[in-house]
Amino acid sequence: MRSFLTALRGNPKAAVGAVIVAIFLAVALLAPVLAPAGPNQRVARPHEAPSAEHVMGSTRMGRDVLSQTIHGTRTSLAVGLAAGALVTVLGVAVGITAGYFGGRVDEGLSLLTNIVLVIPNLPLMLVLAAFIGQAGPLVIAGIIGFTSWGWGARVVRAQTLSLRERDFVRAAELLGEPAWRVIGSELLPNLVSLVGLNFIGSVLYAVITEATLEFLGLGDPLIVSWGTMLYHAQATSALQVGAWWEMAAPCLALILFGSGLSLMNFALDEVANPRLRTLKVPPALLAAVRARGAGREAA
Amino acid sequence: MAFLLRRIGFYVAAFLVAATFNFLVPRLMPGDPVDVMFAQAGTALPPESLEALKATFGLMDEPLPVQYLRYLGSVFTWDLGLSVKFHPLSVNEVLWRALPWTLFLVLTASALAFAAGTLAGIHAAWRRGGRFDSVGAPAAVMLQAVPPLVVSLVALYLFGIALKWLPTGYAWAPLLDPGWTPEFLGSVAAHAVLPVVTLALTQLGGYVVTMRNSMINLLGEDYIVLGTAKGLDDRRLRMAYAARNAMLPTVTSFAMTLGAVFGGALITEVVFNYPGLGYTLYQGITARDYPLIQGQLLVMTLAMLTANLAADLVCLALDPRLRRA
């Protein structure tokens, strides 16, 4: 956590990203206070262009687009955070278990992970969502969580495998520490930046996927979120009749929130992998440092 | 050879899992899917097809293991049942009609994105911290974060509706007869520009980032330093020494990201009414056409597995260690 805060201070990219994400979180929490109207209140004529009164215009049904976007932020962020957490927890659990216990356990879990990775995600989710029918936000979060943990598991497993051979892990094992303690207090703390990267990436993926599923008509159309806003706009041919604002607001929200998360990830990546940092180091020096590091690891 | 056999075994297992998933989902969900479809389709379906639909799902009055074997049998003989939305056609026919358009879209866009993204990544990594890198690298990361849905909608509105530069839907002008005439091919090309470019844009960021990171990791290697010390010229060092090796992870990740690209193509097709798998599927979803939705999972899985097999063959050609194993 401290390294993350230091990274924020020293890294303008991360700071901008964190501010954007924080603003979205605040909007989600304060939605009823900030929004000028209720999400389903009809306060304007159909398809009114943006004006001082309705900053982002109105929908075909005469609802205020800005208010809908603000209220939709709640649903979209909630699904993103819930699904992102589920993806991360599943991925870390599977990855650490496979990497730490090895042998048969690893073979079985790796096979499972590889199968999950090779079956295309969106088509799989479409089948699930279609049979469930008009899936609510919680169900969508569950669908995303249970189908998308493959990448996380693979990355965490690889890192666990390399950590497992380190002296401090061996020492803990020789002391007779039980497996759960070795995993909890030796391995996990060293995986924090990787888990953080995985979580941020998963939240981003979940927010986008939720919007996509709902746009395709697999969500609950009565719930207001960025995805259902796009679905209704598409269903009423908003773009074709020139009501671009109905699409623009949720699109803008998706782009902004996504950029914020990915800027944070970019910075966290640089913390986790120092070689990606933009430093003016001559390659020769870098090679020398690397060689020393490798020597230390081998020793 | 053992390597290849092991991979093929894995692919068969993966396909089996997808098929089993299709078998289990309708049984685990509340309600009878056939009844739901009949309710949705209204009078479009003749009553005789009720039995045929039940057979598609294997929902006959038989013990579960027998149902399962029967279902697997029909899947492996590629009998995917009847489509509800496109009634007289079978799911198989509907999918085969749409597949070429999706493949065309995916392959063209991937090739474009791969070429442009890799070159940009090489350039950014080589002049790290330079003007191109400090604008390009964060831009690429942010581009990765923009959903294909948003890119497609923005492109549709800007170039299709507001500026009217390009057609906004379908694969060719409806007045033309399909054939190898220059007029028809020109129309196909014009209709493909927006879907292909948007699909390429959504992948571009990923290639730039992967290539840049992989190249930066390589630039610290001793053989690059040695190359510089020997006085090799910049271009040769950059392309033949660094980029060539740095490209390997990009090539292997190509097959893995294909699933995401198919997903992206699905969205792009819906936005542009492009008659590929995605658009067909969209029509299927609105009509709750379960056999079609299940069929597309099998086809997409098959496409992924084929791409992975192809990537295995490429790796086999590039990496002699795998041949000996």
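Predicted model: local features only at pLDDT ≥ 70, side-chain atom pairs only at ≥ 80, totals over all residues.
Biologist: What makes up the secondary structure of chain A and of chain B?

Modeller: Helices (H or I, at least four residues) and strands (E, at least two) are DSSP runs, numbered from the N terminus. By that rule chain A has 14 helices and 0 strands, and chain B has 13 helices and 0 strands.

Biologist: Why is Thr160(A) called buried?

Modeller: A residue is buried if 20 or more other C-beta atoms lie within 10 Å of its own, exposed if 12 or fewer, and partly exposed in between, with C-beta atoms placed from the backbone. Thr160(A) has 26 other C-beta atoms within 10 Å, and therefore it is buried. Thr160(A) lies in helix H8 (residues 150-164) of chain A. Buried residues make up 49% of the 299 residues in chain A, and 44% of the 325 residues in chain B.

Biologist: Which residues does Thr160(A) contact, leaving aside its neighbours within four places in sequence?

Modeller: Two residues are in contact if their C-beta atoms, placed from the backbone, lie within 7 Å, and on that basis Thr160(A) is in contact with Gly95(A), Ile96(A), Gly99(A), Tyr100(A) and Leu187(A). Among contacts in chain A between residues at least 6 apart in sequence, 70% join residues at least 24 apart; in chain B, residues 24 or more positions apart account for 72% of the contacts with a separation of 6 or more.

Biologist: How do you know whether Gly121(B) is buried or exposed?

Modeller: Gly121(B) has 30 C-beta neighbours inside 10 Å, so this residue counts as buried. Gly121(B) belongs to helix H5 (residues 91-126) of chain B, and, not counting residues up to four places away in sequence, it touches Tyr207(B), Val208(B), Met211(B), Arg212(B) and Met215(B).

Biologist: What is the exposure of Asn273(B), and what is its phi?

Modeller: Asn273(B) has 16 other C-beta atoms within 10 Å, and so it is partly exposed. Asn273(B) lies in the loop between helix H10 (234-272) and helix H11 (277-286) of chain B. The phi of Asn273(B) is near 50°, a positive value in a residue other than glycine. Most residues other than glycine have a negative phi.

Biologist: How is H11(A) placed against H12(A), and why is that arrangement given its name?

Modeller: Helix H12 (residues 226-235) of chain A packs with H11(A) at an angle of about 30°, and their axes are 7 Å apart. Angles under 35 degrees count as roughly parallel, over 145 as roughly antiparallel, 65 to 115 as roughly perpendicular and the rest as oblique; therefore H11(A) is roughly parallel to H12(A). Axes here are lines fitted to C-alpha atoms, for helices over the stretch in contact, and angles run from 0 to 180 degrees between N-to-C directions.

Biologist: What makes up the contact between the two chains?

Modeller: The contact takes 47 residues from chain A and 56 residues from chain B. The largest share of the side of chain A that touches chain B, 11 residues, comes from H13(A). That side of chain A divides into 34 nonpolar, 9 polar and 4 charged residues, where Ala, Val, Leu, Ile, Met, Phe, Trp, Tyr, Cys and Pro count as nonpolar, Asp, Glu, Lys and Arg as charged, and the others, Gly among them, as polar.

Biologist: Why is H6(A) described as it is relative to H1(B)?

Modeller: H6(A) and H1(B) pack at an angle of about 15°, with their axes 10 Å apart, and so H6(A) is roughly parallel to H1(B). The residues in this contact are Val127(A), Leu128(A) and Phe131(A) of H6(A) and Asn22(B), Val25(B) and Pro26(B) of H1(B). They divide into 5 nonpolar, 1 polar and no charged.

Definitions and conventions. Residues numbered from 1 in each chain as written. Chains lettered and ligands numbered in written order.
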